[in-house]
Amino acid sequence: MAFTLWNLFEAALLCLNAVCVLHEERFLAKMGWGANANVQGFGEQPTVKSQVLNLVRSIRTVMRIPLIFLNIVTIVVKLLLG
């Protein structure tokens with residue numbers, strides 16, 4: 001089994017799916033990463049934690065519809081080509 005571009009695509013797709021299924025109230029809030037965890041004042045530098053939370057929220061917002069399409073394409077290709 002060789003490392004191909006298709007394997008890299010599948011790995012990235014699985015990681016994006018993993019980020020998108022994280023539930024903010026059930027999972028992230030228990031770790032202290034809830035919606036109100038990144039309160040900061042004006043002029044303060046954003047912390048790494050708040051930047052990661054913003055990245056997770058952005059991925060969930062922007063990639064929802066494209067991920068559905070990419071998952072369907074991946075499933076069809078796997079079914080046709082094995």
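The model is predicted, so local features need pLDDT of at least 70 and side-chain atom pairs count only at pLDDT 80 or more, while totals for chains, interfaces and linings use all residues. Residues are numbered from 1 along each chain as its sequence is written, and side-chain values use heavy atoms, with hydrogens and water left out.

**Overall fold**

- The protein chain has four helices and zero strands; helices (H or I, at least four residues) and strands (E, at least two) are DSSP runs, numbered from the N terminus.
- Along the sequence, the pattern reads α-α-α-α.
- Of the 82 residues in the protein chain, 15% are buried. Here buried means under 20% relative accessible area, exposed over 50%, and partly exposed in between (1.4 Å probe, protein chains only).
- The protein chain has an accessible surface of about 6500 Å², and carbon and sulfur atoms account for 71% of that surface. The areas come from the Shrake-Rupley method with a 1.4 Å probe, and for residues only the protein chains shown count as cover.
- Taking contacts between residues at least 6 apart in sequence, 57% join residues at least 24 apart; a contact means heavy atoms within 4.5 Å.

**How H1 meets H3**

- Helix H1 (residues 5–20) packs with helix H3 (residues 48–62) at an angle of about 105 degrees, and their axes are 9 Å apart. Axes are lines fitted to C-alpha atoms, for helices over the stretch in contact, and angles run from 0 to 180 degrees between N-to-C directions.
- That angle makes H1 roughly perpendicular to H3, the label for 65 to 115 degrees (under 35 is roughly parallel, over 145 roughly antiparallel, the rest oblique).
- H1 contributes Leu 16, Val 19 and Cys 20 to the contact, and H3 contributes Val 56, Ile 59 and Arg 60.
- By class, the contact of H1 with H3 has five nonpolar residues, one charged residue and no polar ones. Ala, Val, Leu, Ile, Met, Phe, Trp, Tyr, Cys and Pro count as nonpolar, Asp, Glu, Lys and Arg as charged, and the others, Gly among them, as polar.

**Two residues in H3**

- Arg 60 lies in helix H3 and is buried, because its relative accessible area is 15%.
- Leaving aside neighbours within four places in sequence, Arg 60 is in contact with Val 19, Cys 20, Leu 22, Glu 24 and Leu 28.
- Leu 53 is also placed in helix H3, and with a relative accessible area of 3% Leu 53 is buried.

**Two residues in H4**

- Thr 74 sits in helix H4 (residues 64–81) and counts as buried at 10% relative accessibility.
- The side chain of Thr 74 reaches the backbone oxygen of Leu 70 at 2.7 Å.
- Not counting residues up to four places away in sequence, Thr 74 touches Trp 6, Phe 9, Glu 10 and Leu 13.
- Arg 64 is in helix H4 and is exposed, with a relative accessible area of 52%.
- Arg 64 and Leu 16 are 48 residues apart along the chain, and their C-alpha atoms are separated by 9.6 Å.

Terms used:
Polar contact = N/O pair within 3.5 Å; in protein donor to acceptor, adjacent residues only side chain to side chain.
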